[in-house]
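Student: I am new to this structure. Please show me how to read it, one feature at a time.

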Amino acid sequence: MGPADLSDALAGLQFNRDENLLVGIETSDDAAVYKLSDDIAMINTVDFITPPVDDPYWFGQISAANSISDVYSMGGKPLTALNVVMFPAGYLDMGILKEILRGGNDKVVEAGACLVGGHTVDDNEPKYGLCVNGTVHPDHIITNAGAQPGDGLVLTKPLGSGVLFNAVRAGKFPLKELERDVLPLVAALNGLAMEKALNYELHACTDITGFGILGHLFEVCNGSGVQATLNYKALQFYSGAYEMYKKGQTTGSNRANRELVARFSLAVERELSAVDEELLYDPQTSGGLLLALPLQEARKLVIELSNAGIKEAVLVGEVTDGPAGVIIA
């Protein structure tokens, strides 16, 4: 669903509160966090998607990495996962489902977590994801609402996967290039990036997924009560994404993401083409982490991430004092 529609659907609902609920629905964070003891808090999240690619094994890997990422973005460690499966059992070969589940399980194992069950529904269109539980110390939770003036913003993966997925389906972009240049990064876990980031004074984090870079950055600014300047030239995009938008390709989420951003304060100080703008709204699947930490530390983190093999990590902006909103510079 589009973010604006979802917000409207939730408006007016009264949610139960508990003193041990440390992170709930209020800040549109990546996961819920519930305190179990003075030393342990439980992270709970669920995510499932339709296939971004036709290959079932890649689909399983990407969806699982996307689901697990929400635990990492809260500063936590994933422990258990439950499969969420919708599959047309009477129409598609069960070997396809087996490959989806194999891809998901391989990512769960890579994350050091345990797959412990799940739930299946016979549905016309395949959908797959995970409900993931993890833990974090109650005093060390990272949310999307803690960014501070003076922070630098580090992004750990390129943008533009959404339009490339659609372009491959339309026969406009080579599948071999997608599998070679894009899918390994999309399916990569965000655990190593967060492990390195936790060595610094990390103030806020979110992962960039369906709402695009602008939608998720606005959630950070709104939750933190800060303003952010996004350096467009610093953003990294997957090879071919710009060209696909230039040729008229798009996604079903770009328009919805524009509607979400229209609810906030956006100022564009540099000249952007129509294609440039579309890339800011491009929905990601299993995107990178957006990390907010003191500017000097952010610069050091980028170097450390690069040395650890995450060479796509870049400093993309800064947090400033001011009304919640984003400036594109």
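Tutor: Let's begin with naming: helices (H or I, at least four residues) and strands (E, at least two) are DSSP runs, numbered from the N terminus. R255, for instance, is found in helix α9. What you see is a predicted model, where local features need pLDDT of at least 70 and side-chain atom pairs count only at pLDDT 80 or more, while totals for chains, interfaces and linings use all residues. Residues are numbered from 1 along each chain as its sequence is written, and side-chain values use heavy atoms, with hydrogens and water left out.

Student: Does R255 count as buried or exposed?

Tutor: Relative accessible area decides: under 20% is buried, over 50% is exposed, and in between is partly exposed (1.4 Å probe, protein chains only). R255 has 65% relative accessibility, so it counts as exposed.

Student: How do I describe two packed helices?

Tutor: Two packed helices are described by the angle between their axes and the distance between the axes. Axes are lines fitted to C-alpha atoms, for helices over the stretch in contact, and angles run from 0 to 180 degrees between N-to-C directions. Under 35 degrees counts as roughly parallel, over 145 as roughly antiparallel, 65 to 115 as roughly perpendicular, and the rest as oblique. The axes of α9 (residues 254-261) and α10 cross at roughly 85° and come within 9 Å. These two helices are therefore roughly perpendicular to each other. Their contact (heavy atoms within 4.5 Å) is made by N254, N257, R258 and V261 of α9 with E277, E278 and Y281 of α10.

Student: At what angle do α2 and α5 pack?

Tutor: Helix α2 (residues 56-73) and helix α5 (residues 175-186) pack at about 40°, their axes 9 Å apart. That angle makes α2 oblique to α5. From α2, the contact uses W58, I62 and A65, and from α5, E179, L183, P184 and V186.

Student: G60 is found in helix α2 too. Is G60 buried or exposed?

Tutor: G60 counts as buried because its relative accessibility is 0%. Leaving aside residues up to four places away in sequence, G60 touches I100, G103, G104 and Y128.

Student: How many salt bridges does the structure hold?

Tutor: A salt bridge is a side-chain nitrogen of Lys or Arg within 4 Å of a carboxyl oxygen of Asp or Glu, and this structure holds 10. In one of them, E277 pairs with R258, their closest N and O atoms being 3.1 Å apart. This pair links distant parts of the chain, 19 residues apart: E277 in helix α10 and R258 in helix α9. E278 joins E277 and R258 in a network of salt bridges. Another bridge joins D123 and K127 at 2.6 Å; D123 is partly exposed at 22%, whereas K127 is buried at 17%.

Student: Which residues form a nonpolar patch on the surface?

Tutor: Patches are made of residues with over 30% relative accessible area and no salt bridge; like charges are joined within 9 Å, nonpolar side chains (Val, Leu, Ile, Met, Phe, Trp, Tyr) within 5 Å. Here, M1, L6, L10, L13, F15 and I25 form one, with about 590 Å² of accessible area together (Shrake-Rupley method, 1.4 Å probe; for residues, only the protein chains shown count as cover). Among them, I25 lies in the loop between β1 (21-23) and β2 (32-35), and I25 is partly exposed at 41%.
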